[in-house]
Amino acid sequence: MELNKELKVSAIKDGTVIDHIPADNLFKVINILGLHSITNQITFGTNLESLRMGRKAIIKVSDKYFEDDEINKIALIAPQAKLNIIKDYVVIEKKVVEIQDEVIGIVKCFNPKCITNQEHIVTRFQLVDRENVVLKCHYCEKVTMPEHFTIV
Amino acid sequence: MKGKSLVSITDFSKNEILRIVDLAADFEANPNQKLLDGKVVASLFFEPSTRTRLSFETAINRLGGRVVGFSDSSSSSTTKGETLKDTTIMVSNYADLIVMRHPYEGSARFASEVSSVPVINAGDGANQHPSQTLLDLYSIKKTQGTLNNLTIAIVGDLKYGRTVHSLLMAMSHFNPVFHFISPIELKMPDEYKIFLKNRNIKFEEHIEFGETINEADILYMTRVQKERFAEPMEYEKVKNAFILKNAMLSRSKDNLKVLHPLPRVNEIHEDVDNNLKAYYFQQAKNGVFTRMAIISSILGVK
Ligand SMILES: [Zn+2]
């Protein structure tokens with residue numbers, strides 16, 4: 001059963017479990033959340049079987065609770081991610097991620113002529129179509145579609 | 001409007017657009033007003049555009065201001081590897097206003113965010129060129145007496161033409177009817193058609209001139225470039241279909257005016273030039289008055 005495999009990655013006492021991350025995007029999620037530079041205990045598993053997603057990844061971060069603004073940054077690359085908030089081995093809250101209306105510093109602009117691809121400028125997009133996840137660049141005003149998302 | 005940058009035509013409200021158009025008429029009636037005495041305007045042309053630069057610099061000089069800057073990036077510090085950010089911050093310490101032309105899209109928006117003085121976008125790649133749009137609106141108002149309820153035919157490259165898209169956005173405040181005439185390969189992108197539908201603005205699409213010329217108040221011509229076609233044969237098939245000749249204007253409305261952002265190549269035959277309905281050369285002249293209006297509004301002297 002899927003649940004048992006997850007538990008094998010090791011249960012945590014307090015903290016956050018981020019499940020249903022596409023396996024290919026695990027390290028991007030780690031980067032976006034800055035998990036590579038914190039001192040909390042972190043365990044992760046990847047290429048786990050998932051009936052819904054094929055191969056998925058899971059991250060467990062001890063003693064860490066994310067703000068919505070922070071966790072929603074991964075929605076672009078892990079739209080189906082589910083969070084379990086854990087206190088004393090018990091799931092006390094479940095959360096899903098939601099793409100923000102303004103996406104700052106996560107994806108690159110697809111337009112090669114955009115100034116953000118020429119100089120060190122933090123990218124900034126408006127979500128102009130939530131259903132199809134279409135982003136409009138604040139600078140060059142061109143749109144970037146999900147199939148062209150590259151993480152900064 | 002004082003202290004506000006002009007990067008994209010959507011930065012200005014309907015009332016601000018109308019104010020610029022009215023002010024441009026003032027300046028045309030009285031073109032030498034020393035309102036910028038003691039002011040310094042930086043004219044930063046990271047790529048050459050003689051036409052636009054001379055128009056802006058003439059406007060500044062007629063207002064009695066001083067111009068500093070460069071006319072292409074080979075004579076600027078960018079050739080030494082300085083970033084746009086650093087150049088902009090440095091220049092904004094010297095000048096009261098920056099007029100900027102840059103080959104990369106979004107450069108003017110970025111500059112306006114790091115500059116301590118307002119920035120006027122004089123063209124950022126294929127993105128925006130709002131002073132061109134405002135001079136188009138001034139030309140329309142001047143020749144038609146109003147901006148409201150006009151029938152506007154736009155011809156040529158409707159897919160890539162930035163002046164066309166900005167004109168569409170700006171005129172959408174004034175209840176126009178649009179006719180889009182273009183080869184299928186260069187038709188108006190969906191995002192602009194959705195924009196018009198959401199505002200209940202009527203438009204029709206055509207693949208040839210047909211009778212549309214005879215209904216129009218404004219015929220806005222643009223160039224169809226060979227490089228825009230994936231197949232050279234496709235260009236050969238359509239290239240003559242979008243050239244305006246004088247005979248085609250014989251049954252057009254008396255108030256019709258033909259506009260073109262210039263430079264033209266062959267899309268308007270020279271036999272149109274002597275027709276009183278040809279307005280593209282006066283249109284270019286209107287650019288100076290419009291830019292005087294923009295600059296004096298942003299600097300808060302008018
Ligand atoms: Zn961009």
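Me: Is C109(A) buried or exposed, and at what relative accessible area?
Reply: Buried means under 20% relative accessible area, exposed over 50%, and partly exposed in between (1.4 Å probe, protein chains only). In this predicted model, C109(A) counts as buried, because its relative accessible area is 6%.

Me: Which atoms do the side-chain values use?
Reply: Residues are numbered from 1 along each chain as its sequence is written, while chains are lettered from A and ligands numbered from 1 in the order in which they are written. As the model is predicted, local features need pLDDT of at least 70, side-chain atom pairs count only at pLDDT 80 or more, and totals for chains, interfaces and linings use all residues; hydrogens and water are left out, and side-chain values use heavy atoms.

Me: Which residues coordinate the zinc ion?
Reply: Donors are N, O and S atoms within 2.8 Å of the metal (3.2 Å for Na, K and Ca); water is not among the atoms, so sites may look incomplete. Here the donor atoms are SG atoms, at 2.3 to 2.4 Å. In sequence the donor residues follow C-x4-C-x22-C-x2-C. They are C109(A), C114(A), C137(A) and C140(A).

Me: What arrangement do the four donor atoms make around the zinc ion?
Reply: Four donors count as tetrahedral if all angles lie between 85 and 135 degrees. The ideal angle for four tetrahedral donors is 109.5 degrees. Around the zinc ion the angles are 99 to 117 degrees, so the arrangement is tetrahedral.

Me: How many disulfides does the whole structure hold?
Reply: A disulfide is a pair of cysteine sulfur atoms within 2.5 Å. Searching all chains gives zero.

Me: Which residues touch the most other members of the largest nonpolar core?
Reply: A nonpolar core is a set of buried Ala, Val, Leu, Ile, Met, Phe, Trp, Tyr and Cys residues joined through side-chain atoms within 4.5 Å. The largest one has 55 residues, and those with the most partners are L137(B), I154(B), L168(B), M171(B), F178(B) and I295(B).

Me: How many residues of helix α6 of chain B are buried?
Reply: Helices (H or I, at least four residues) and strands (E, at least two) are DSSP runs, numbered from the N terminus. α6(B) spans residues 162–171. Its buried residues include H165(B), L168(B) and M171(B). The count is ten of ten.

Note on methods:
Four donors count as tetrahedral if all angles lie between 85 and 135 degrees; four count as square planar and six as octahedral if opposite donors are over 155 degrees apart and all others between 65 and 115; anything else is irregular.
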